[in-house]
Each structure stands twice: as structure tokens, then as C-alpha cells.
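Me: I'd like to go through the labels on this model and see what each one rests on. Can you take me through them?

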Amino acid sequence: MRVATAIFVAIFSLAQAKAYNETYNETSIQPDYYEAIHQAEFKLAETLDTKNYSGLGEVMTKDVVYDSRPLGAYGGLSEGLENTIANIKAAFGDAMNAHYVSNALIEPRGKDSAYVVTYLTWSRWDPAALDDPKKTFRIYERCDDLFVIDDGKWKLKYSLVTQLGPKPESPYFAPA
């Protein structure tokens with residue numbers, strides 16, 4: 001009797017787990033419009049900061065335009081995903097990077113696109129050049145972005161990055 005009860009409980013539990021997984025899988029629970037865009041922004045920052053260059057196609061469209069020319073020597077123009085990846089790799093090099101992303105002002109442009117203004121801080125530390133302002137710096141930025149639904153995901157299609165301060169902050173580290 002105990003064995004039969006245990007088998008019944010096990011089968012019932014497996015059936016319940018299967019039903020739960022079919023009802024609540026990662027594609028069935030979707031964040032709302034605004035939260036989905038916030039998630040896309042943070043996923044972009046994480047992808048950059050972890051130097052997951054092969055993952056940039058998950059957060060940027062193939063025809064992305066990334067315009068950071070207003071940053072002067074610290075920026076440039078990238079057109080298309082391949083060019084953007086190459087330029088990001090060159091800009092990041094062996095340095096450590098961190099993007100601190102603020103709350104975003106999101107203006108819907110229909111159900112498949114949104115204009116997003118974000119303020120962020122980009123910090124770059126080159127361990128071999130901590131006193132070199134061209135290699136170790138912090139920039140306060142404003143990003144005027146267009147996010148679109150591409151292949152079922154929110155992705156960056158266009159970004160204009162401007163510098164909020166008079167110049168990057170550097171160096172970080174004063175003599176001890």
C-alpha cells in the first residue's frame with residue numbers, strides 16, 4: 001500500500017511539474033512594455049561590461065548606428081553590427097569597463113519601438129595605465145536611443161551619445 005501511494009504521489013508530482021512548466025515557462029511570462037525596455041538597456045550594459053562581444057547581436061540590431069562622436073577622441077561613429085563590435089573591441093581593449101545606467105525616460109513610438117533617454121556613467125580602467133587620462137577615465141553621458149523589436153526582442157537600433165561634463169574625469173587614483 002505504501003509503495004502504491006508513493007508511486008501515485010510521484011506520478012502526480014511529475015504531472016503537476018510538467019503542467020506548471022508548460023504554463024509558466026520563460027516565454028510565457030513577459031515583462032510589461034516599459035520593464036522590457038529597461039531590461040534591454042541593462043542587458044546591453046552587462047553585455048558591454050563583460051565584453052561578451054558575440055552577444056551584442058542579442059541586444060543590437062544588425063543595422064545599428066552608434067554615434068558617440070560628441071565624445072571627441074573618446075568616441076566615434078559605428079554603422080552596422082560588425083563595425084560596432086570592432087569599434088567597441090578597440091575602445092575597450094584590455095581595460096575594465098563599467099556602465100552605471102540610470103532610470104530611463106521612455107517615449108513609446110508604437111508597440112514595436114521606443115525613444116529612450118538614459119543618463120549613464122562609463123568608467124574605464126586600464127590596469128597598466130591608471131594615471132593616463134586617455135586610458136583610465138570616467139565620462140558622464142546622455143544616450144538618446146531608439147529601441148525596436150527585432151527578432152522578438154527589444155534591441156538598440158540607434159544611439160547618440162553626448163558628454164555631459166566639460167571633459168572626462170581623470171585620473172582616478174591619487175598617490176597614496
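Me: Why does Trp 122 count as buried?

Reply: Trp 122 has 6% relative accessibility, and buried means under 20% relative accessible area, with exposed over 50% and partly exposed in between (1.4 Å probe, protein chains only). So Trp 122 counts as buried. Bear in mind that this is a predicted model, where local features need pLDDT of at least 70, side-chain atom pairs count only at pLDDT 80 or more, and totals for chains, interfaces and linings use all residues. Residues are numbered from 1 along each chain as its sequence is written, and side-chain values use heavy atoms, leaving out hydrogens and water.

Me: And Phe 92, buried or exposed?

Reply: Buried, because its relative accessible area is 5%.

Me: What makes the pair of Phe 92 and Trp 122 tilted?

Reply: Rings of Phe, Tyr and Trp (its six-membered ring) pair if their centres lie within 6.5 Å; planes under 30 degrees apart are stacked, over 60 edge-to-face, and the rest tilted. Here the centres are 5.9 Å apart and the planes sit at 40 degrees, so the pair of Phe 92 and Trp 122 is tilted. Phe 92 is in helix α3 (residues 81–92) and Trp 122 in strand β4, 30 residues apart. Helices (H or I, at least four residues) and strands (E, at least two) are DSSP runs, numbered from the N terminus. Ring pairs also bring in Tyr 74 and Phe 137, making a cluster with Phe 92 and Trp 122.

Me: How many aromatic pairs does a search of the whole structure find?

Reply: Five. In one of them, Tyr 33 and Trp 154 have ring centres 5.3 Å apart and planes at 85 degrees, so that pair is edge-to-face. It links distant parts of the chain, with Tyr 33 in helix α2 and Trp 154 in strand β6, 121 residues apart.

Me: Why is Tyr 33 called partly exposed?

Reply: Because its relative accessibility is 22%. Trp 154, at 12%, is buried.

Me: Where does Phe 147 lie, and what is it in contact with?

Reply: Phe 147 belongs to strand β5 (residues 137–150). Contact means heavy atoms within 4.5 Å. Leaving aside neighbours within four places in sequence, the contacts of Phe 147 include Ala 40, Asp 112, Val 116 and Trp 154. With 1% relative accessibility, Phe 147 counts as buried.

Me: How do you know that β1 and β6 pair?

Reply: Two strands pair if DSSP finds at least two bridges between them. Four bridges join β1 (residues 60–67) to β6, and the two run parallel. Met 60, for one, has Leu 156 as its bridge partner in β6.
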